[in-house]
Amino acid sequence: MNRDVDVVVVGAGQAGLSAAYFLRKAGLVPDEDFVVLDRYNGPGGAWRHRWPSLTFTTVHGIHQLPGMAVPEPDPAESVAPVVSAYFGEYERRFALPVHRPVDVREVRDLPDGRLVVTTDDGEWRTRALVNATGTWEKPFWPYYPGQERFSGRQLHTADYRDREEFRDRRVLVVGGGASGIQLLMEIAEVASRTYWVTRREPVFVDRPFDRDWGREVVARVADRVSRGLPPESVVKATGYRLTPQIEAARRDGPLRRLPMFDRIEPTGVRWRDGRFAEVDVILWATGFRAALDHLAPLRLRGPGGGIVMDGTRVAADPRIHLVGYGPSASTIGANRAGRDAVRELRRFLARRPQPVAA
């Protein structure tokens, strides 16, 4: 295995496998010209960690990887094992060896203009990097006064497994994103009582998610990252699709939104006006942040808190592409990002001379 490569791909989820596919299609040889590193024990990316009750009925949709259709499972089937098997078959069919589990710890500059990728399995020296680490490893936990004194249970979406653990409990769900809404509706079927709080009024959209809407969303997110601002949540960019089930839950069920509380007390939460809700569990469905800590030595973040992007490329460093970041943080967008990143990297590698061995 060559430890000096042209491209290192970090992450073997949708975006990483897409990039690997297009690298191979461009003529680069796996484990000689490029290498794919993934921190998980098996294929599937973040999908392998989704809660068992997330089925093909409730998931927004899974777009196929380039060149291979997604199997058509029973709508009631759990998503995680099906997608993990699909990703594994994809790696085999297109001969894309993924090194796992490999934890990438940091990426630094080398004096010859290359990058060194340091992992728990040694180092790779590379001319370019495709980062496809997604967000699952960085759940966002906001802080509210008194949080550390809460006597009940607190968990994040990333920790959720099954609604049965909330049976006959009083549950507060924090967050107006897709996960918060889906889990609230699921938990409400078994909990003794539920509360739903969000920082802003959720936007429910009664229109099909068609190509025009998709272009609007991509343009909006692309504008943010091109200005060095952190990507916003998917639901903030798109709104939440108003289905008959959502309409019913808003009218008669658990989707009755309350504003954010002001502090947490040992047995519940309190608002500024004195209202109090006694709860046993707080579920923080507050989203995730891009898992980019390993890139910190490169000082890519700007004063806006994000990384200035030009398409998939880091504007300040043509060696580095972020796929599955910003406008490509979706299954459809990840495929396009892999293709676009490889197209640019081919030009970059062609015009930049190979480093001279010492």
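1. Start with Ile 187. Leaving aside residues up to four places away in sequence, Ile 187 touches Tyr 160, Arg 163, Phe 166, Val 171, Thr 194 and Leu 283. Contact here means heavy atoms within 4.5 Å.

2. A word on the model. It is predicted: local features need pLDDT of at least 70, side-chain atom pairs count only at pLDDT 80 or more, and totals for chains, interfaces and linings use all residues. Residues are numbered from 1 along each chain as its sequence is written, and side-chain values use heavy atoms, with hydrogens and water left out.

3. Now the cores. A nonpolar core is a set of buried Ala, Val, Leu, Ile, Met, Phe, Trp, Tyr and Cys residues joined through side-chain atoms within 4.5 Å. Buried means under 20% relative accessible area, exposed means over 50%, and partly exposed lies in between (1.4 Å probe, protein chains only). The largest core has 64 residues. Val 7, Val 79 and Ile 187 have the most contacts inside it. A second, separate core has 24 residues, including Val 8, Val 102, Val 314 and Ile 320.

4. Next, the aromatic rings. Rings of Phe, Tyr and Trp (its six-membered ring) pair if their centres lie within 6.5 Å; planes under 30 degrees apart count as stacked, over 60 as edge-to-face and the rest as tilted. The count by this rule is 11 aromatic pairs. Take Tyr 21 and Tyr 90: the ring centres are 6.2 Å apart and the planes stand at 40°, so this pair is tilted. The pair links distant parts of the chain, 69 residues apart. Tyr 21 is in helix H1 (residues 14–25), and Tyr 90 is in helix H2 (residues 79–93). Helices (H or I, at least four residues) and strands (E, at least two) are DSSP runs, numbered from the N terminus. Both tyrosines, Tyr 21 and Tyr 90, are buried.

5. Tyr 86 and Phe 87 also form a tilted pair, with 5.9 Å from centre to centre and 55° between the planes. Tyr 86 is buried at 4% relative accessible area. Phe 87 is buried too, at 0%. Elsewhere, ring pairs join Tyr 21, Phe 22, Tyr 90 and Phe 94 into a cluster.

6. Look at the charges over rings. The rule: NZ of Lys or CZ of Arg is within 6 Å of the ring centre and within 35 degrees of the ring normal. Arg 50 has its charged end over the ring of Trp 47, 5.2 Å from the centre. Arg 275 lies over the face of Trp 271, with 5.2 Å to the ring centre.

7. Last, His 63. Where does His 63 sit? In the loop between strand S2 (34–37) and H2. His 63 is partly exposed, with a relative accessible area of 34%. His 63 and Gly 333 are 270 residues apart in sequence, but 9.3 Å apart in space, C-alpha to C-alpha.
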